[in-house]
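Trainee: Please take me closely through one part of this model, the sheet and what surrounds it. Start with the overall picture, then go in.

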Amino acid sequence: MKKKLFGNTSGLRKTQIKTIETLYNFRTPPDYIIDPELAHLLVKLSHEIRRQIGLLIDRNGKVIYVIVGEAQQIVIPVTSGYTALPGRLKGLRLIHTHLKKEPLTRDDLTDLALLRLDYITAVCITSDGKPGTVYSGHILPDENSAPYQVIDPGTIQHLNIDCLAQILALESELTRNNSLYTPESGTENAFLINATTLDPKEAWASMDELKELCKTSHINVIGTAVQRKKNIDPKFVVGKGKLSSLIIQAIQKYATMLVFNRELSASQIRSITDFVEMKVIDRTQLILDIFAKQAKSREGKYQVELAQMEYLLPRLITKNTAMSRLTGGIGGRGPGETKLELNRRRVRDRINRLKKEITKIHKQRRQQKSRRKRKDLPIISIVGYTNAGKSTLLNTLTQSKIIVANRLFATLDPSSRRLRFPRDTEVIITDTVGFIQDLPKELMQAFHATLEELADADIILHVIDISNPRYQQQKESVEKILKNLKLDTIPTLYVFNKTDRIDLNSFDDKWLLNQGFHISAIQKQTLKPLVEKLESMVAAYKKIGVDQ
């Protein structure tokens, strides 16, 4: 059966192509890096066409890929069926030619480390077309050292190095080291990358939030990198060279995925996933993943699936390698899990059906709302940054048992409860989905109708976690979303939560503290001033209604 040549075959004669294809017919003994007869033919053909030729050989000594490169380099194709899992090598070694006496290049060593090749060898060609110096290198299992080791140069007579035994010994050590880093079932090891144009302080604060998102999604963070750039690279985000070094760091720490603290474009996803054999997700996918796990109601599930589909649609590209790393598990689970064979038309059809279902649910809710309005019950809506304590406050005010957890987006589906004040005045108090900085536009669109219901609120309680070092930034993020929804005209009370965790006397912005109420949502007695204020505002609201 004829085997395909990979790389650049343009300009080659048919006879040359046919001769190069015969390289597939050779087998290499287990002890040899490459069979000596095959090495001589490889050098002869490379010298003849004045281009590098490379072979990817498996552990059985079979030639799996024959690659034709350029004079100065060779490009390794996507190797379907050969994936280097954490703690394992690829199962393929690369033997290629150098047209002159030249040691392993930076590209060679980067390929070795990135692709986790079993071995890499360059056979130099002398001026008269004979095999010259042989340079080899292999992965090093120690994460505290360089990622690879270059072996002392040899000759074509030194190919018998007990090659397979060396490879298996290296992999055994890698596997043993990896066992120390193996995450619990259902979790992954992630290396986080924040490419930003912001100042370092803001960049690291944003990275802290990304870590919290990972924690919520049961991802184990094993390393981080903040790369401040004047301009974000349109193809590789941080630039190809920097991405190479970060990926090598991630691999050495036995990461199973890369998480970028920004939304990646379709072209960036394609470039990065072609470059690294590791799952790659962005901040938007991570948030969508959390929403997918947290959605409990039919409406919530539909909204999350709609957001996932709208995110996925422009990224449905022909290269399955990219999509296979985008979908499945973290970043592709939940009600919106999508098979690779789904095409754009089917996704669009599903988006339209979801929008119709969500519209139907909103119509039912409007009917429920109109019945509630006929009873003339004032509405108090609780808003705030995710994990600020909104659900805890609602539970304490109404003696409810809404799910509360110390993680981001613990509450996704809106909750409404009745609250009776001491003077027998009744109100409806609602809890909404938590906000977050740069909330993905797909989620904003999917939850738009839900968030618009805040427009029916007579009073908004803006809960702020005053113990969080980023409280000011979180406050501004919530206010920005409220303004975008044109809700900034509704009477709003600041509720500074978790005051039991800080020293109010040494707080850095005492003026701000004087603009709201200090509470600890888990301590009912701290809510008394807030309840009294709400009762007086509701009484005034009622009076206005009567006068009208």
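Mentor: Of the contacts in the protein with a separation of 6 or more, 68% are between residues 24 or more positions apart. Contact here means heavy atoms within 4.5 Å. This is a predicted model, where local features need pLDDT of at least 70 and side-chain atom pairs count only at pLDDT 80 or more, while totals for chains, interfaces and linings use all residues. Residues are numbered from 1 along each chain as its sequence is written, and side-chain values use heavy atoms, with hydrogens and water left out.

Confidence comes next. The mean pLDDT (the predictor's confidence in each residue, from 0 to 100) is 84. 86% of the residues reach 70 or more. Residues 318–328 have a pLDDT below 50, and that stretch makes 32 contacts in the model beyond near neighbours in sequence. Residues 330–341 are also below 50, with 40 such contacts.

The protein has 17 helices and 17 strands. These are DSSP runs numbered from the N terminus: helices are H or I with at least four residues, strands are E with at least two. Of its 548 residues, 53% are buried. Buried means under 20% relative accessible area, exposed over 50%, and partly exposed in between, with a 1.4 Å probe and protein chains only.

Now the sheet. It is open and has 6 strands, in the order S13-S14-S12-S15-S16-S17 with mixed pairing. Two strands pair if DSSP finds at least two bridges between them. Strand S13 (415–420) and strand S17 (516–518) are the edges. Each has a single partner strand, so one side of each lacks a neighbour in the sheet. From one strand to the next, the twist averages 25°. Angles like this run from 0 to 180 degrees between N-to-C directions, and axes are lines fitted to C-alpha atoms, for helices over the stretch in contact.

Go to strand S12, residues 379–384. It pairs with strand S15 (residues 459–465) in the parallel sense, over 5 bridges. Ile382 has Leu461 of S15 as its bridge partner. Val383 has His462. S12 also runs parallel to strand S14 (residues 426–431), joined by 4 bridges. There, Ile380 stands opposite Ile429.

Is S12 buried or exposed? 6 of its 6 residues are buried, so S12 is largely enclosed by the rest of the structure. Ile379, Ser381 and Val383 point one way, and Ile380, Ile382 and Gly384 point the other.

H15 (residues 471–484) touches S12, S15 and strand S16 (492–497). The direction of H15 makes about 155° with that of S15.

In helix H8 (residues 283–294), 11 of the 12 residues are buried, so H8 is largely enclosed by the rest of the structure. Among the buried ones are Arg283, Asp289 and Phe291. At 1.5 Å a residue H8 should span 16 Å, and its end C-alpha atoms are 17 Å apart, which agrees. The expected span is 1.5 Å times one less than the number of residues. At the start of H8, a side-chain oxygen of Asp282 comes to within 3.2 Å of the backbone nitrogen of Thr284.

Strand S6 (residues 131–139) is also enclosed: 9 of its 9 residues are buried. S5 and S6 run antiparallel, joined by 5 bridges, and Ala122 has Tyr135 of S6 as its bridge partner. Their hairpin has 5 residues between the strands, where Gly129 takes a positive phi near 85°. On to strand S7 (residues 148–150): S6 pairs with S7 in the antiparallel sense over 3 bridges. His138 stands opposite Gln149.

Last, the backbone. Most residues other than glycine have a negative phi. Arg116 has a positive phi of about 55°. Arg116 sits in the loop between helix H3 (106–115) and strand S5 (119–125), and is buried at 8% relative accessible area. Tyr254 is another such residue, with phi near 65°. Tyr254 lies in the loop between helix H6 (240–252) and strand S10 (257–260), and is buried at 3%.

How values were computed: A polar contact is a pair of N or O atoms within 3.5 Å; within protein, one must be able to donate a hydrogen and the other to accept it, and residues adjacent in sequence count only if both atoms are side-chain atoms.
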